[in-house]
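Have the structure open while you read.

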Amino acid sequence: MTGVDTLELEVHDLEVPVLTGIYSEETHLPQPLRISLTVLLDAPPHFAPDTPLSASKNYLDLKHAATDALSGAGHFTLIEAVADHIAETLFLQDRRVRRVKVAIVKLAIAEAGESIGITLVRHRR
């Protein structure tokens, strides 16, 4: 049995203002979130020097899912829902996406530089 070749694309440490929160002081203004993505997709058997971008995925698609695609989505009560929205956006973009890992850090609640947040891993169903 042979393994399936995959490629992980990564975009880390995007700082994105998102309407999220459950407390009244959080719900009116966007909160800064640090978002990191790791996307697993099917890979071709070989990447030659002249392989076109269509054999991979544009990193800007990942960035778009974590920035522009969130801007019109409204208010998210939980940052877990933000992560879910990003994952679904990436699944809809490209059928080769097999797994999406989204890590989100809530920057506004850190008191001493600590990272407080979640990591969600979704697999294509």
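## Sheet and helices

L40 stands opposite R99 in β3. This is a predicted model, where local features need pLDDT of at least 70, side-chain atom pairs count only at pLDDT 80 or more, and totals for chains, interfaces and linings use all residues. Residues are numbered from 1 along each chain as its sequence is written, and side-chain values use heavy atoms, with hydrogens and water left out.

Strand β3 (residues 97–106) runs antiparallel to β2 (residues 31–42), and 9 bridges join them. Helices (H or I, at least four residues) and strands (E, at least two) are DSSP runs, numbered from the N terminus. The open sheet has 4 strands in the order β1-β2-β3-β4, paired antiparallel; pairing takes at least two DSSP bridges between two strands. β1 (6–18) and β4 (117–123) are the edge strands.

Now for the helices on the sheet. Angles run from 0 to 180 degrees between N-to-C directions, with axes fitted to C-alpha atoms, for helices over the stretch in contact. Touching, or contact, means heavy atoms within 4.5 Å.

| Helix | Strands touched or crossed | Angle |
|---|---|---|
| α3 | touches β1, β2, β3 and β4 | about 150° with β3 |

How do the two helices meet? The axes of α1 (residues 59–66) and α3 (residues 79–93) come within 9 Å and cross at roughly 140°. D61, L62, H64, A65 and A66 of α1 make the contact with I86, T89, L90 and Q93 of α3.
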